[in-house]
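Thanks, everyone. I'll keep this to one topic today: charged side chains and how they pair. Here is the structure.

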Amino acid sequence: QVRLVESGGGSVQAGGSLRLSCTASGAIISLNYMGWFRQTPNNERELVARMGYGGDTTYADNVKGRFTISRDNAVKAVYLQMSSLNPEDTAVYYCNANALVSDLLGGYWGQGIQVTVAS
């Protein structure tokens with residue numbers, strides 16, 4: 001099927017930066033949207049940012065101007081550059097992709113990666 005592998009999480013002081021990476025592999029015919037969600041305990045998973053194959057982007061209001069999403073279609077990767085991080089950004093971040101596998105378009109998730117921002 002489809003495997004999404006995330007990297008780049010960790011701990012940082014408030015005001016710092018981190019860059020998340022996610023690479024997709026498997027029997028993928030094409031990738032539509034790729035993006036990032038995040039989740040904190042007792043809260044629903046929320047969209048952080050996503051990018052279509054053609055480069056159209058969507059950002060959550062609370063990350064606009066601080067986070068930048070990009071992707072490299074040649075290697076099936078999506079990235080999230082996070083700057084001016086604050087403690088409210090602490091969460092498990094999940095890579096998400098809409099992929100065409102055989103004749104089915106489905107949503108896939110990575111295993112999640114922890115981002116911790118200390119005040």
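Start with R66. R66 makes a salt bridge to D89, and the closest N and O atoms sit 2.8 Å apart. Look at where the two partners are. R66 is in the loop between strand 6 (57-59) and strand 7 (67-72), while D89 is in the loop between strand 8 (77-82) and strand 9 (91-101). They are 23 residues apart, so the pair links distant parts of the chain.

One reminder: this is a predicted model.

Now, are these two partners buried or exposed? R66 has 15% relative accessibility, so R66 counts as buried. D89 is buried too, at a relative accessible area of 1%. The cut-off for buried is under 20%.

This pair does not stand alone. Salt bridges that share partners join R38, E46, R66 and D89 into one network.

Next, R38. Which residue does R38 bridge to? The partner is E46, with the closest N and O atoms 2.9 Å apart. R38 is buried, with 5% relative accessible area. E46 is partly exposed, at 36%.

Then K64. K64 forms a salt bridge with D61, and here the closest N and O atoms are 3.1 Å apart. D61 counts as exposed, because its relative accessibility is 64% and exposed means over 50%.

How many salt bridges are there by this rule? The count comes to 4. I have walked through some of them, including R66 with D89, R38 with E46 and K64 with D61.

As background, side chains of opposite charge can pair when their charged atoms come close.

That's it from me. Over to you.

Note on methods. Residues numbered from 1 in each chain as written. Predicted model: local features only at pLDDT ≥ 70, side-chain atom pairs only at ≥ 80, totals over all residues. Heavy atoms only, no water. Salt bridge = Lys/Arg side-chain N within 4 Å of Asp/Glu carboxyl O. Buried < 20%, exposed > 50% of the residue type's maximum accessible area, 1.4 Å probe, protein only. Helix = DSSP H or I, 4+ residues; strand = E, 2+ residues; numbered from the N terminus.
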